[in-house]
Structure formats: structure tokens, C-alpha cells
2 protein chains.
Amino acid sequence: MPAASKKVSAAPRGSRRPRAAAPEEDGLARFDLQTGSLGYALRLAQVRMYTLFFDMLGDLGLTPARVTALSLIATDPDMNQTKLARSLDIAGPSALKMVDALEAAGLVCRLDVAGDRRRYLLALTATGRTTMEQLRLRMAEYEERIAADLSAAERAQLVGLLNRVAQRG
Amino acid sequence: MPAASKKVSAAPRGSRRPRAAAPEEDGLARFDLQTGSLGYALRLAQVRMYTLFFDMLGDLGLTPARVTALSLIATDPDMNQTKLARSLDIAGPSALKMVDALEAAGLVCRLDVAGDRRRYLLALTATGRTTMEQLRLRMAEYEERIAADLSAAERAQLVGLLNRVAQRG
DNA sequence: TATTGTTATACTCTATAACTATA
DNA sequence: TATAGTTATAGAGTATAACAATA
């Protein structure tokens, strides 16, 4: 009978802030700096968003990937590891480690499934639910901080333009 | 006398495409999907940009970080490893491996510095210069593809709004 | 046979600490 | 003493391959 592996550190790099991702880093800066290009502007805005996202996470001890895993588990009452791997687009063993880490942090638990002993359901613990509630509140503030310098109309306009950029052309 | 370490693979994951970075992945999707939020729109646009960036790199065998290193070396005639580490905001040993990889790929060479035998200059090889020229051409196309569905006015507007988002508030 | 989870292994990127050679 | 580069080591994240238990 499979037992969850336990050898995963409980406090990941979520606590240590992951080096503010300089805009030069992803190959956009040196080419685009002079042109006021869309690519560079998008990159800079994304760097800012990333910084604010980590400020938002603060002392919760979560990484972005774990935030996503947590919210996927919170949302889907039928979540298991294979499904999580598919949702996150990661390999099975990676999902396993992710769940191990969330379990070690006391946020998630594995529940037996009646009638199928191969798998188990993933669910939030009480601590996990509290953390999710914290996250929901902070995400709302975070969204406001991103758009802090824009009027409602400008913000709507920006979202509209970004959606058109995001569409597969 | 220090000799450059040579044990670095020449063809990195630049060839293997790095898994298209699903928008769910960085903790933005599950919270924001319903709101049409700026955070989510920004994230989606960035995912699209990332995809196009890798399409652009194509068969050049480069990663985004190596593109940046290459362009930094191309731009600064006085580049060395410590300076490169500072520019990329990475640790010294990481910069070393980066340079080793670029050297193994035949794009960059280490040149002796008259009067200071501790360091050497980093410079592009002939192959490196050819690659950079290719990159410049492709970057121009890339920029156009990002904004393909926008008019000139819309694009300028979008850049303006993004710059305001990117500003530290 | 197929599915779920697991183990073993390896590779990349990153970091810190301690070292060498040189200034 | 300080600087440039290097080595050794470690940790997080990713992957593939092979496996056990169960369906």
C-alpha cells in the first residue's frame, strides 16, 4: 500500500524572496530599451506585478506554484495527484513533491477514497482553509495595488488591450 | 593561474521548449478568472509574449537568460564575469557557468587583460556576432507580432498604460 | 491492461562558503 | 586587504523510467 513520502522541507523558498527578476534578465532589455516597445513595457509591468505578488504573499510561506495548487485543491472537491499534475502541467513525481510539501506545511491532507484504494482525495486542512481565506483577502488588495495609479476607465481600457494581445492571432 | 572550467553542456534546454507556462501556474488564475482583473489580463498577455519569444528563438539554441547575457556582452566592451553577475543579478558561480556555456557554444570568448591577470574581458566570437545579428532581426519581427492586432494608436496607448503600472507607486 | 501513486535518478538553475591567484 | 575567478557543495524544481498496488 502506497504511503506518502515525507522527506520534503516544510519551509520552501517562499520565505526567501526570489530575487526580484531584473527586466534585463529575460532577453528583452538590451534590444528594446530605446524603442519604448510593447514587449519591454509588458515585461516591466510584469516585473512590477511579480514584486507586488511576493509582497502580498508576505509571511504565508507559499510560492506562486503552491498558491495555485492550494487554490486548485480548494476549488475542486474531486482533486487527486494525477489531476493536479495535469492542471499544473507538471509531471507526476513533481506533483507528488508539491503535495508532500503542502502536507508537511499542514495545509493539505490526503483522504482515502471508498472503492478505489489506488488514489486519495486531496483536501484542505483547517489551517489550509484559514490560509486560503487570508489569500483571498490579500489577492483583492493586490489587484487594487496593481491598478492603483489608474482610473476605472483606464483600467478597463488596459484590460481590454491586454486581452487582445493575449489572444492567439 | 585560473583556467575556465569546461564541463558544461553546450546545448542547453534552449532547444527543448520549456513547457508553455500555464496561466494557472503562478497563483493568479483561480482567484481572478471571474473578475476580468488586471492582474490576470497582464498574466495572460505575458504568457503569450513568452510563447512568441520562444518561437522567435527557434533553433538558435539560446535561453532567455543567455540572450540577455549575450546582448550585455555585445553591448559593453568592458564586460567581465563579476560585472555580468551584477548586471544579471546572479551569483558569481552562476555567471561563471553561464559564460562557460556561451563559450562552449562558441558564442563568447575570454580575452586576457593587459595589466590585470585576475580577470579577462568577455567578447563575442565571430559566430556570436552572427547570432546577435540574427537576434536583432528576429526581435524586430517579434515586437511586431506581439502588437499584431493593435493599431499604432492602440499600441502607444497600451505602452503608456503599462508604463504607469510598472512605475513604483 | 490501464491507472494511481511511488521510487530512483538525473539535469538545470540557483545559492553560499571557502579557496587561489593577483592587485 | 580587496578583487576576480574558481571549486565544492547543496537545495529547489523539473523531467524520465521503472515499479507496486489496485482497478
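Biologist: Which residue with a positive phi follows α4(B)?
Modeller: This is a predicted model, in which local features need pLDDT of at least 70, side-chain atom pairs count only at pLDDT 80 or more, and totals for chains, interfaces and linings use all residues. Residues are numbered from 1 along each chain as written, chains are lettered from A in written order, and side-chain values use heavy atoms, without hydrogens and water. Helices (DSSP runs of H or I, at least four residues) and strands (E, at least two) are numbered from the N terminus. After α4(B) comes a residue with phi near 60°, and that residue is Asp89(B).

Biologist: Within what arc do the buried residues of α4(B) fall?
Modeller: Helix α4 of chain B spans residues 81-88, and Gln81(B), Leu84(B), Ala85(B) and Leu88(B) are buried there. Buried means under 20% relative accessible area, exposed over 50%, and partly exposed in between (1.4 Å probe, protein chains only). The arc is taken from the directions from the helix axis to the C-beta atoms. Seen down the axis, these residues line one face of α4(B), because they fall within an arc of 100°.

Biologist: Which exposed residues does the other face of α4(B), turned away from the buried side, carry?
Modeller: The buried residues of α4(B) pack against α3, α5, β1 and β2 of chain B, where contact means heavy atoms within 4.5 Å. The face turned away from them carries the exposed residues Thr82(B) and Arg86(B).

Biologist: Now to the two chains: which side chains meet in a salt bridge at 2.9 Å?
Modeller: The count between chain A and chain B is two salt bridges. A salt bridge is a side-chain nitrogen of Lys or Arg within 4 Å of a carboxyl oxygen of Asp or Glu. At 2.9 Å, N to O, one of them joins Glu154(A) and Arg164(B).

Biologist: How much area do chain A and chain B bury between them?
Modeller: The contact takes 56 residues from chain A and 56 residues from chain B. Buried area is the accessible area (1.4 Å probe) that two parts lose on being put together, summed over both. Of that area, 66% is on carbon and sulfur atoms, and the total is about 5,400 Å².

Biologist: Is Leu111(A) buried or partly exposed?
Modeller: Leu111(A) sits in strand β1 of chain A, residues 108-112. Leaving aside residues up to four places away in sequence, Leu111(A) touches Tyr120(A), Leu121(A) and Ala123(A). Its relative accessibility is 38%, so Leu111(A) counts as partly exposed.
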